[in-house]
Amino acid sequence: MSLFRLENQEFEIDWEQSDNDFIDYSHSYGRNSRNDLNEFSHFDSGAESSHFDNGLEHDFIEENPRYDYGIPNYPDISANRSSFLSTAHLDQRFASFFSFEYFNAVQSQSFDLMYHSTQNVVISCIGSLFSTYRQREDSIAGASDIKCTKNKP
Amino acid sequence: MKVIYIAPMKALCHERANDWQQKFAKLNLTCNELTGDTDYTQSSKIKSSNIIVTTPEKWDSTTRKWRDQKNLMKLICLLLIDEIHTVKEGSRGATLEVIVSRMKIVARECGHRNNNLRIVAVSATIPNLQDIGDWLCDSSGNPAQVRLFGEEYRPVQISKHVLSYPASTSKNPFQFEKSLDYRLFETLSAYSDGKPTLVVVHFNPVLLH
C-alpha cells in the first residue's frame, strides 16, 4: 500500500456525511481548530528562526521537543475530528502540499514519528482487497473475520 | 542532500515524479525520475536533483559501482521504499533486498556528517513485520520503528465474503468463467444490501480443492 496514494484516496471519503453516528461535531472541532494552535507556537518559531536555504538543508527536527498531540488511539475515526491531526501542525511551507485540511487516521497516528524523529520506520497498512483475499487461509483456521461459503460447481 | 524514493513499478514512479516536481518546485527542490524509460542524456540532470524517483532494478544498476561515486552517495539522507512487501517476490524481491542492504553499507561507510541514512518503508500487510523492522535497522543496529494499521483503520468498514466455486477439470475454463457471470446478480443481491460492492474473482488453480 502506497503512503502517497493513501493521502489521496482515504481522505476523499466524506466521513462527515457517510456516517450517521457522527456526534459531538461542534464540540470536537475546536480541538484541532486553528485557534488552538497557539500551544504549538514553540514549534513554528523554531522552524522560522532557522535559516532554511534549500528547504532540507537545515535540520530543525532536533530543536523541537516531541509533542503529544492528544490524538486518541484508534478507534474513533467516524465519530469526530479530534481523532485527526490538522495539516496546520506542519510547517507552513509543507502544509500547502496537501489539498486537504486534516490527515487521515493512519497519517495522524504516524505523524509524530515521521516528523519529529529521525528513526527508521516501517509502516504497514491493510490495503487492497487482494491482501484481504489472502487472509482466506487464516479464515479457514478461524483467525479472521471473513465468512467463507463453499458452493457446488 | 538527496532523497531516494523507490517504488516497484515505473508507472508509479512516473506518477510520483510528476506530482512531486510540481509540489517541491515551491521549495526550490528538484525531483527527477530515474527508470528504465529515462533518457541516458538526462543523467547529469538526475545526478543534481534533490529527489530521485526510481525502481529497484534501475537503482541497483546505478549504484553497483557506488564506490566510484562516493561524493554523490554520501549526500543521500533519506531512503523511501514503497511497497516493501515486494521483497518476497522472487528475483525482483532479491533486487530490492540487495539495494537496501547496499544503501545500509553506503550509510555505514560514508555517513553524511552526523546524520545517518533514514529509511522509511511502507508496505501492505506483512505477517512478520517486525522482521522487516529489524532488517531496516540504522547503522548503530537499532531496529526500525514498526507501525501496523489494521482493518479497523478503514474509513468505511468492509464486510467480506469469500465464495468458492470449484470448477470441474473437464470443463473449458472460458465456459466456467461464463457460468460465473451468471451467478453475479444472485451474489450481489445476497450480500450487497444496497451498498457499494466490489467483486474480485481470483482464479487460482491452487485454491481449487
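Trainee: Why does B:Asp193 count as exposed?

Mentor: Its relative accessibility is 60%. The limit for exposed is over 50%, while buried is under 20% and partly exposed lies in between, with a 1.4 Å probe and protein chains only. B:Asp193 therefore counts as exposed. The model is predicted: local features need pLDDT of at least 70 and side-chain atom pairs pLDDT 80 or more, totals for chains, interfaces and linings use all residues, and side-chain values use heavy atoms without hydrogens or water. Residues are numbered from 1 along each chain as its sequence is written, with chains lettered from A and ligands numbered from 1 in the order in which they are written.

Trainee: Is B:Glu83 buried or exposed?

Mentor: B:Glu83 has a relative accessible area of 10%, so it is buried. It also has a positive phi, near 55°, without being a glycine. B:Glu83 belongs to the loop between strand 4 and helix 5 of chain B.

Trainee: What makes residues 90–109 of chain B a helix, and what span should they have?

Mentor: A helix is a DSSP run of H or I with at least four residues, a strand is a run of E with at least two, and both are numbered from the N terminus.

Trainee: Which elements do the buried residues of helix 5 of chain B pack against?

Mentor: Contact means heavy atoms within 4.5 Å. The buried residues of helix 5 pack against strand 1 (2–6), helix 3 (56–63), helix 4 (70–73), strand 4 (76–81), strand 5 (118–123) and helix 6 (129–135), which belong to chain B. Among the buried residues of helix 5 are B:Leu96, B:Ile99, B:Met103 and B:Val106.

Trainee: Why is strand 4 of chain B said to be paired with strand 1 of chain B?

Mentor: Two strands pair if DSSP finds at least two bridges between them. Strand 1 and strand 4 of chain B have 5 bridges, in the parallel sense, with B:Val3 opposite B:Leu78. Strand 4 and strand 5 of chain B also run parallel, over 4 bridges, and there B:Leu78 faces B:Arg118. Strand 4 of chain B is mostly covered, with 5 of its 6 residues buried.

Trainee: What is the strand order of the open sheet, and which are its edge strands?

Mentor: The sheet has 7 strands in the order 2(B)-3(B)-1(B)-4(B)-5(B)-1(A)-6(B), paired in parallel. Strand 2 (31–34) and strand 6 (145–149) of chain B are the edges, since each pairs on one side only. From one strand to the next the twist averages 15°.

Trainee: What joins strand 2 of chain B to strand 3 of chain B?

Mentor: There are 4 bridges between these parallel strands, and B:Asn32 has B:Ile52 as its bridge partner. B:Cys31 and B:Glu33 point one way from strand 2 of chain B, B:Asn32 and B:Leu34 the other way, and all are buried.

Trainee: What makes a group of residues a nonpolar core?

Mentor: Its members are buried Ala, Val, Leu, Ile, Met, Phe, Trp, Tyr and Cys residues joined through side-chain atoms within 4.5 Å. The largest such core has 35 residues; A:Leu90, A:Phe103, B:Tyr5, B:Trp20, B:Phe24, B:Ile51 and B:Val53 touch the most other members. Elements giving two or more residues to this core include helix 6 (105–116) of chain A and helix 1 of chain B. A second, separate core of 30 residues includes B:Ile52, B:Trp66, B:Ile119 and B:Leu136.

Trainee: How many helices and strands does chain A have?

Mentor: Chain A has 8 helices and 2 strands, in the sequence pattern α-α-α-α-α-α-β-α-α-β. Of its 153 residues, 48% are buried.

Methods. Axes fitted to C-alpha atoms, helices over the stretch in contact; angles between N-to-C directions.
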